[in-house]
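Colleague: Before I use these coordinates for anything, I would like to go through the packing, the strand pairing and the ligand surroundings with you. Could you also state each cut-off as we come to it?

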Amino acid sequence: MAGHLPDGKSRNLRALAERIRSRRTTNLFLKQEVSKDLVLEAIELARWAPNHHLTEPWHFYLLGDKMKAASVELIRAIVTENKTAELGEHKAKSAAAVPGWLLVTCTRSDDELREREDYASCCCAVQNILLYLSEAGVASKWTTGLITRDQRFFELLGIDESEEYVVSLIWYGYPKILPTQSRKDVSEIVTETD
Ligand SMILES: Cc1cc2nc3c(=O)[nH]c(=O)nc-3n(C[C@H](O)[C@H](O)[C@H](O)COP(=O)(O)O)c2cc1C
């Protein structure tokens with residue numbers, strides 16, 4: 001069949017497999033900005049994640065320069081309060097070097113099962129974003145650091161904590177270096193039944 005390789009896998013399928021395999025959580029980014037249009041395309045794709053009862057439980061906050069600067073200062077304060085001033089300084093410096101900040105939240109629900117399933121959907125949405133950015137050469141880090149659980153961060157962003165909670169703060173940018181990773185062998189994680 002046209003477009004298929006001898007072993008039956010299409011080039012597209014191989015490319016997709018390689019994209020999934022090669023996406024890496026990255027800490028060090030170049031200063032180069034990532035285009036807002038690219039991130040908006042990633043968000044457009046995020047919402048095609050599976051979501052039970054079509055709740056579409058996600059919301060995306062794309063942080064501008066002023067909000068990023070305020071968030072860096074908040075990280076400095078939070079880490080200083082919880083750890084040490086030296087670590088606060090270090091974390092603030094690292095955060096200030098991150099070009100892109102995208103916060104993903106999930107709608108709360110009184111129904112425990114729904115909230116669990118909505119969280120699962122939001123995680124799928126985050127992965128869509130990470131993979132799309134990765135395909136565009138943009139690396140990322142899914143973070144759930146202290147700032148993502150701090151009331152002051154929600155106030156900065158105008159988030160009502162009784163309505164939504166943070167799933168992921170995605171830090172993104174063009175990578176300085178991509179780390180390597182490994183996974184368990186497939187034989188260790190698969191149980192085949194009759
Ligand atoms: C729910 C969740 C929360 C995470 N929070 C953090 C975090 O706060 N800091 C961090 O360095 N990495 C965080 N990560 C990234 C993981 O550490 C990373 O995915 C793992 O080391 C595997 O590396 P890989 O993404 O390159 O495969 C988080 C990942 C997930 C799924």
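Colleague: Against which elements do the buried residues of α3 pack?

Modeller: This is a predicted model, in which local features need pLDDT of at least 70 and side-chain atom pairs count only at pLDDT 80 or more, while totals for chains, interfaces and linings use all residues. Residues are numbered from 1 along each chain as its sequence is written, and helices (DSSP runs of H or I, at least four residues) and strands (runs of E, at least two) are numbered from the N terminus. A residue is buried if 20 or more other C-beta atoms lie within 10 Å of its own, exposed if 12 or fewer and partly exposed in between, with C-beta atoms placed from the backbone; in α3 the buried ones are Ser71, Val72, Ile75, Arg76, Ile78 and Val79. Taking a contact as two such C-beta atoms within 7 Å, these buried residues of α3 pack against α4, β2 and α6 (151-157).

Colleague: How far apart in space are Glu73 and Gly173, C-alpha to C-alpha?

Modeller: Glu73 also belongs to helix α3, and its 13 C-beta neighbours inside 10 Å make it partly exposed. In sequence Glu73 and Gly173 are 100 residues apart, and the distance between their C-alpha atoms is 20 Å.

Colleague: Where do the buried residues of α4 fall, seen down the axis of the helix?

Modeller: The expected span of a helix is 1.5 Å times one less than its number of residues, so the twelve residues of α4 (residues 85-96) should span 16 Å, in agreement with the 16 Å between the end C-alpha atoms. The buried residues of α4 are Lys91, Ala92 and Ala95. Judged by the directions from the helix axis to the C-beta atoms, these buried residues fall within an arc of 100 degrees, so they line one face of the helix.

Colleague: Which residues are exposed on the other side of α4?

Modeller: The buried residues of α4 pack against α3 (65-82). On the other side of α4, the exposed residues are Glu86 and Lys93.

Colleague: How many bridges join β2 to β4, and how many β3 to β4?

Modeller: Two strands pair if DSSP finds at least two bridges between them, and β4 (residues 164-173) is mostly covered, with eight of its ten residues buried. In β4, Val166 is the bridge partner of Thr105, and Tyr172 is the bridge partner of Ser140. Both pairings are antiparallel: β2 (residues 100-107) joins β4 through eight bridges, and β3 (residues 139-143) pairs with β4 over five bridges.

Colleague: Which residues surround the ligand?

Modeller: A residue is near a molecule if its C-beta atom, placed from the backbone, lies within 6 Å of it. With Ala, Val, Leu, Ile, Met, Phe, Trp, Tyr, Cys and Pro as nonpolar, Asp, Glu, Lys and Arg as charged, and the others, Gly among them, as polar, the shell divides into one nonpolar, five polar and two charged residues. The ligand is surrounded by Arg24, Thr25, Lys141, Trp142, Thr143, Thr144, Gly145 and Gln181.

Colleague: What is the phi of His53, and what is that of Glu56?

Modeller: His53 lies in the loop between α2 (36-46) and β1 (58-62), and Glu56 is likewise found in the loop between α2 and β1. His53 is exposed, with 10 other C-beta atoms within 10 Å, whereas Glu56, with 14 C-beta neighbours inside 10 Å, counts as partly exposed. Neither is a glycine, but phi is positive in both: near 65 degrees for His53, and about 40 degrees for Glu56.

Colleague: How many helices and strands does the chain have?

Modeller: From the N terminus on, the elements run α-α-β-α-α-β-α-β-α-β-α. The secondary structure therefore, counting such DSSP runs, comes to seven helices and four strands.
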